[in-house]
Amino acid sequence: MSERVSKPKFSDFEQSLRGTLAFNIRRFRFEQKVSQEELAFRCELDRTYISAVERCIWNVSLSNIEKIAEALGVEPWQLLFHSK
């Protein structure tokens, strides 16, 4: 994973469910030292899609939340749960 990636801070994300999802995806990726490219490969999604989701640009379908959660080894609800 790139050295430029820093641990995400919740304050960097908008206070919405989409922001919570973006924060949690990035947080789990960071903790597991997984790049966006590797996560996208595991999910069979495009890297630009993962990037857009993490930047709160695109809405995400439930089926893609399931794919991302499975690829990260977490339950889907954990990606949507807001905890600081």
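Which pattern does the chain follow when read along the sequence? I read α-α-α-α-α.

**Entry 1. Basis and overall content**

I note that this is a predicted model, in which local features need pLDDT of at least 70 and side-chain atom pairs count only at pLDDT 80 or more, while totals for chains, interfaces and linings use all residues. Residues are numbered from 1 along each chain as its sequence is written, and side-chain values use heavy atoms, with hydrogens and water left out.

I counted 5 helices and 0 strands in the chain. Helices (H or I, at least four residues) and strands (E, at least two) are DSSP runs, numbered from the N terminus. I then looked up burial: of the 84 residues, 40% count as buried. Buried means under 20% relative accessible area, exposed over 50%, and partly exposed in between, with a 1.4 Å probe and protein chains only.

The chain exposes about 5400 Å², of which carbon and sulfur atoms supply 51%. Accessible areas come from the Shrake-Rupley method with a 1.4 Å probe, and for residues only the protein chains shown count as cover. Among contacts (heavy atoms within 4.5 Å) between residues at least 6 apart in sequence, 52% join residues at least 24 apart.

**Entry 2. Helix H3**

I asked how many residues of helix H3 are buried. In H3 (residues 47-54), 6 of the 8 residues are buried, so this helix is largely enclosed by the rest of the structure. I list the buried ones as Tyr 49, Ile 50, Ser 51, Ala 52, Val 53 and Glu 54. They pack against helix H1 (17-32), H2 and helix H4 (62-72).

I found Arg 55 in the loop between H3 and H4. Arg 55 is exposed, with a relative accessible area of 52%. From C-alpha to C-alpha, Arg 55 and Phe 23 are 8.9 Å apart in space, although 32 residues separate them in sequence.

Cys 56 lies in the loop between H3 and H4 as well. Is Cys 56 buried or exposed? I record Cys 56 as buried, at a relative accessible area of 14%. Its phi is near 60°, a positive value in a residue other than glycine.

I looked for Lys 33 and located it in the loop between H1 and H2. Phi of Lys 33 is near 55°, again positive in a residue other than glycine. Lys 33 is exposed, with a relative accessible area of 65%.

I began with Gln 36, which belongs to helix H2 (residues 36-43). Gln 36 is buried, at a relative accessible area of 18%. Leaving aside neighbours within four places in sequence, Gln 36 is in contact with Arg 29, Arg 47, Ile 50, Ser 51 and Glu 54.

At what angle do H2 and H3 pack? I read about 115°, with the axes 8 Å apart. Axes are lines fitted to C-alpha atoms, for helices over the stretch in contact, and angles run from 0 to 180 degrees between N-to-C directions. H2 and H3 are therefore roughly perpendicular to each other. Angles under 35 degrees count as roughly parallel, over 145 as roughly antiparallel, 65 to 115 as roughly perpendicular and the rest as oblique.

H2 passes H3 in a right-handed crossing. A crossing is left-handed if the near helix is turned anticlockwise from the far one by less than a right angle, and right-handed if clockwise. From H2, Gln 36, Glu 37, Leu 39 and Ala 40 meet Arg 47, Ile 50, Ser 51 and Glu 54 of H3. By class, I note 3 nonpolar, 2 polar and 3 charged residues in this contact. Ala, Val, Leu, Ile, Met, Phe, Trp, Tyr, Cys and Pro count as nonpolar, Asp, Glu, Lys and Arg as charged, and the others, Gly among them, as polar.

**Entry 3. H4 and its partners**

I turned to H1 and H4, which pack at an angle of about 20° with their axes 10 Å apart. That makes H1 roughly parallel to H4. H1 passes H4 in a left-handed crossing. Leu 21, Ile 25, Phe 28, Arg 29 and Gln 32 of H1 meet Ile 65, Ile 68 and Leu 72 of H4. The class division here is 6 nonpolar, 1 polar and 1 charged.

I also looked up H2 with H4: their axes come within 9 Å and cross at roughly 115°. Leu 39, Arg 42 and Cys 43 of H2 make this contact with Lys 67, Ile 68, Ala 71 and Leu 72 of H4. I record 5 nonpolar, no polar and 2 charged residues for the contact of H2 with H4.
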